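Take a look at the sequence and the structure shown here.

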Amino acid sequence: MAALVGSITVFILAIFLGFELISKVPPTLHTPLMSGANAISGITIVGALILSNTAFNDGDPGAAAWMAFAALIMATINVVGGFMVTNRMLEMIAGKRRKGGE
């Protein structure tokens with residue numbers, strides 16, 4: 001029970017700290033920050049894949065496997081969305097360079 005309370009406490013503190021840090025980032029740094037978040041989400045995907053490899057108990061995957069599956073889905077959405085945003089930003093920058101260079 002103590003481990004559960006400790007884990008929930010760390011989770012809530014991480015949410016609070018993440019919100020405070022992201023809200024203080026100036027708009028010019030959002031794209032580099034997105035790249036860092038993509039790297040972290042990639043690590044989350046690897047961890048979720050490792051955790052999803054749990055033994056089934058009578059055909060029931062258990063809560064850990066379901067949470068790993070949810071983490072895998074959310075991290076994948078974050079990585080794909082981050083790459084889409086980064087690609088769009090790079091296209092906007094490339095478009096400005098083409099127009100300015102002509």
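In this predicted model, the largest nonpolar core has five residues: Ile45, Ala48, Leu72, Ala75 and Val79. Two elements, α2 and α3 (62-101), each give two or more residues to this core. Helix α3 supplies the largest share, three residues. In soluble globular proteins, nonpolar side chains tend to be buried together.

**Inside the core**

Start with Ile45. Leaving out residues up to four places away in sequence, Ile45 touches Leu72, Ala75, Thr76 and Val79. Leu72, Ala75 and Val79 are also listed as members of the core.

Now turn to Ala48. Ala48 sits in helix α2. Is Ala48 buried or exposed? Its relative accessible area is 4%, and the cut-off for buried is under 20%, so Ala48 is buried. Beyond its neighbours within four places in sequence, Ala48 is in contact with Ala68, Ala71 and Leu72. The C-alpha atoms of Ala48 and Ala68 are separated by 4.8 Å, although the two residues are 20 places apart along the chain.

Gly47 is also a residue of helix α2. With 27% relative accessibility, Gly47 counts as partly exposed.

**A polar pair**

Which side chain makes a polar contact with the side chain of Ser41? The partner is the side chain of Asn78, at 2.7 Å. Ser41 lies in helix α2, which spans residues 30-51. Ser41 has a relative accessible area of 7%, so it is buried. Setting aside its neighbours within four places in sequence, Ser41 is in contact with Ala75, Asn78 and Val79. Ala75 and Val79 also belong to the core.

**Pairs across the chain**

Met34 has its place in helix α2. Met34 is partly exposed, with a relative accessible area of 25%. Not counting residues up to four places away in sequence, Met34 touches Gly82, Val85 and Thr86. Val85, one of these partners, lies in helix α3. With a relative accessibility of 40%, Val85 counts as partly exposed.

The table lists pairs of residues, with their spacing in sequence and their C-alpha to C-alpha distance.

| Pair | Apart in sequence | C-alpha to C-alpha |
|---|---|---|
| Gly47 and Ala68 | 21 residues | 8.2 Å |
| Ala48 and Ala68 | 20 residues | 4.8 Å |
| Met34 and Phe83 | 49 residues | 8.5 Å |
| Val85 and Ser35 | 50 residues | 9.8 Å |

How do contacts run in the protein as a whole? Take the contacts between residues at least 6 apart in sequence: 71% of them join residues at least 24 apart.

**On the surface**

Which residues make the nonpolar surface patch of about 760 Å²? They are Met1, Leu4, Val5, Ile8, Phe11, Ile12 and Ile15. Ile12, one of these residues, lies in helix α1, which covers residues 2-23. Ile12 has 51% relative accessibility, and the cut-off for exposed is over 50%, so Ile12 counts as exposed.

Charged side chains come next. How many salt bridges are counted? The count comes to one. In a salt bridge, the side chains of Glu20 and Lys24 meet at 3.4 Å, N to O. Glu20 has 28% relative accessibility and counts as partly exposed. Lys24 has 61% and counts as exposed.

**The whole protein**

Finally, step back. The protein has three helices and zero strands. From the N terminus on, the order of elements is α-α-α. Of its 102 residues, 12% count as buried. Ser41 is buried, at 7% relative accessible area, and so is Ala48, at 4%. The accessible surface of the protein comes to about 8,200 Å². Carbon and sulfur atoms account for 75% of that surface.

How values were computed: Residues are numbered from 1 along each chain as its sequence is written. This is a predicted model: local features need pLDDT of at least 70, side-chain atom pairs count only at pLDDT 80 or more; totals for chains, interfaces and linings use all residues. Side-chain values use heavy atoms; hydrogens and water are left out. Helices (H or I, at least four residues) and strands (E, at least two) are DSSP runs, numbered from the N terminus. Buried means under 20% relative accessible area, exposed over 50%, partly exposed in between (1.4 Å probe, protein chains only). A polar contact is a pair of N or O atoms within 3.5 Å; within protein, one must be able to donate a hydrogen and the other to accept it, and residues adjacent in sequence count only if both atoms are side-chain atoms. Contact means heavy atoms within 4.5 Å. A nonpolar core is a set of buried Ala, Val, Leu, Ile, Met, Phe, Trp, Tyr and Cys residues joined through side-chain atoms within 4.5 Å. Patches are made of residues with over 30% relative accessible area and no salt bridge: like charges are joined within 9 Å, nonpolar side chains (Val, Leu, Ile, Met, Phe, Trp, Tyr) within 5 Å. Accessible areas come from the Shrake-Rupley method with a 1.4 Å probe; for residues, only the protein chains shown count as cover. A salt bridge is a side-chain nitrogen of Lys or Arg within 4 Å of a carboxyl oxygen of Asp or Glu.
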